[in-house]
Amino acid sequence: MTTLMWILGIVVFAIGLLISIAWHELGHLTTAKMFGVRVPQYMVGFGPTLFSRRKGDTEYGIKAIPLGGYIRMIGMFPPGDDGKVRKRSTSPFRGMIEDAREAAYEELQPGDEKRLFYTRKPWKRVIVMFAGPFMNLILAVAVFLGVLMTFGVNTTTTTVASVSDCVLPASASVDEKCPKGAADTPAEKAGLRPGDTFVSFDGEKVTEWEQLREAIRKTTGEATLVVEGKDGERRTLQADLVENEVAKIGEDGRQVEGETVTTGFLGFRPASGVVEQSFPQAVDRMGDMMVAGFEALIDLPSKIDDLWAATFGDAERRQDSPMGVVGAARVGGEIFSLDIPATYQIAMMLQMVAAFNLSLFLFNMLPLLPLDGGHIAGALWESLRRGVAKVLRRPDPGPFDVAKLMPVAYVVAGVFVGFTLLVMAADIVNPVRLTG
């Protein structure tokens, strides 16, 4: 049964992946058609075509390898300086430019002269190229907000899970018992019990764990605690907080591994639970996810050494290691094989699909060809160049020839392919796992 659920998890993720890709390309397709650009092909996947059907002047289909998708637009690049499209050069770099230009006119038909992509105004081309990533952003935001507000999120709460017996520094072992003569914790002395939920701390109402943790750490000496027990009874306790060595908390609200600080100390472990988020809370968390996703994208180059060591050496695979489609599919299988309620499995899977869409948005917005962001950058540069020429009363410089950047695009694509293969190898040899 576990194996069957694992396979089901992979299948569900694969379906989510295909939907995400199709949704992305739909953004390009609808806006291109809206601005009168002819689109001969709309394809989900790469490689051999499994299924296709023509409607109007567009062929819609699914290909064998579900690792991407594309739409083909007529006239992505302007003709060369000599006005020609088909031309051959002995220079390998020139050949790349001419091959890309020729492919952009491969399916040119009579009457298409007014339906070429490059002839559209720069702001229209920006919309067409931005529409794909934007569709992924819409899907990510909708799914994240839906999950956070409906299912909730596993959150550290202001409820007491357990009370520490004695004051021990953060550097002590998790299994270390209280040494002889160790002082009781302020929580133990005050009469705090497992199941108590904080109502207020030293006169301030408490609603979130981060707020309570910050208040405790800023306090040494006497403090008044108002808690509500499992039975609903409220009690007022007096605690005498002491200084102790505790784990350092980073700007992201997480513990900084191996670093400690000396702050006020009460001495209890908070409970965790799935808590539904209000709309403002969900939006705030969504913003944090976007910032974290952007930072993770910027940090990708620094992860290469760890990935290489985890793939070809004996190093452990870090939990924050980059993960590709293969690794995400394996995690999807693990989610469905976990011994947790089906609603939690669905919520976790939806969040993973949403995270994938957020990554697609951020990645595609990089101002590099062949990504959508590279074409957007080219259109913006053309608009700026034409605007400056108009202000200075100079001749219109014409469309910016993005095809001339194709050698750079091939280099960028090569780097991406190499990184993707490394991640795929790591996902197979030493995958990221939800459980040990």
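## Contact between H8 and H11

In this predicted model, Val326, Gly327 and Arg330 of H8 are in contact with Met424, Asp427 and Ile428 of H11. By residue class, this contact divides into 3 nonpolar, 1 polar and 2 charged residues.

The axes of helix H8 (residues 325-337) and H11 come within 7 Å and cross at roughly 30 degrees. Angles under 35 degrees count as roughly parallel, so H8 is roughly parallel to H11.

## Nonpolar cores

The largest nonpolar core holds 25 residues, of which Met73, Phe117 and Val128 touch the most other members. At least two residues of this core come from each of helix H1 (2-34), strand S1 (41-55), helix H3 (122-150), helix H10 (372-391) and helix H11 (406-429). H1 gives the largest share, 4 residues.

Leaving aside residues up to four places away in sequence, Phe117 touches Val37, Met73, Ile74, Gly75, Met76, Arg125, Val128 and Met129. A second, separate core has 19 residues, including Ile216, Ala223, Leu225 and Phe268.

## Annotated transmembrane regions

An unreviewed UniProt entry lists residues 6-24, 126-153 and 408-429 under "transmembrane region". In the model, residues 126-153 are 89% helix and 4% strand, with the end C-alpha atoms 36 Å apart. Residues 408-429 are 100% helix and 0% strand, and the C-alpha atoms at the ends of this span lie 32 Å apart.

## Backbone geometry in loops

Most residues other than glycine have a negative phi, and most peptide bonds are trans.

The peptide bond from Leu369 to Pro370 is cis, with omega near 10 degrees. Pro370 belongs to the loop between helix H9 (342-364) and H10.

Asp202, a residue other than glycine, has a positive phi near 50 degrees. This residue is found in the loop between strand S4 (197-201) and strand S5 (204-205), and Asp202 is partly exposed at 41% relative accessibility. Arg393, likewise not a glycine, has a positive phi of about 55 degrees and is placed in the loop between H10 and H11. Because its relative accessible area is 79%, Arg393 counts as exposed.

## Position of Gly287

Gly287 is located in helix H6 (residues 279-298). With a relative accessible area of 30%, Gly287 is partly exposed. Gly287 and Phe35 are separated by 252 residues in sequence and by 32 Å in space, C-alpha to C-alpha.

Definitions and conventions:
Residues numbered from 1 in each chain as written. Predicted model: local features only at pLDDT ≥ 70, side-chain atom pairs only at ≥ 80, totals over all residues. Heavy atoms only, no water. Core = buried A, V, L, I, M, F, W, Y, C linked by side-chain atoms within 4.5 Å. Buried < 20%, exposed > 50% of the residue type's maximum accessible area, 1.4 Å probe, protein only. Contact = heavy atoms within 4.5 Å. UniProt positions renumbered as here; feature names shortened; annotations may be inferred. Axes fitted to C-alpha atoms, helices over the stretch in contact; angles between N-to-C directions. Parallel < 35°, antiparallel > 145°, perpendicular 65-115°, else oblique. Nonpolar A, V, L, I, M, F, W, Y, C, P; charged D, E, K, R; others polar.
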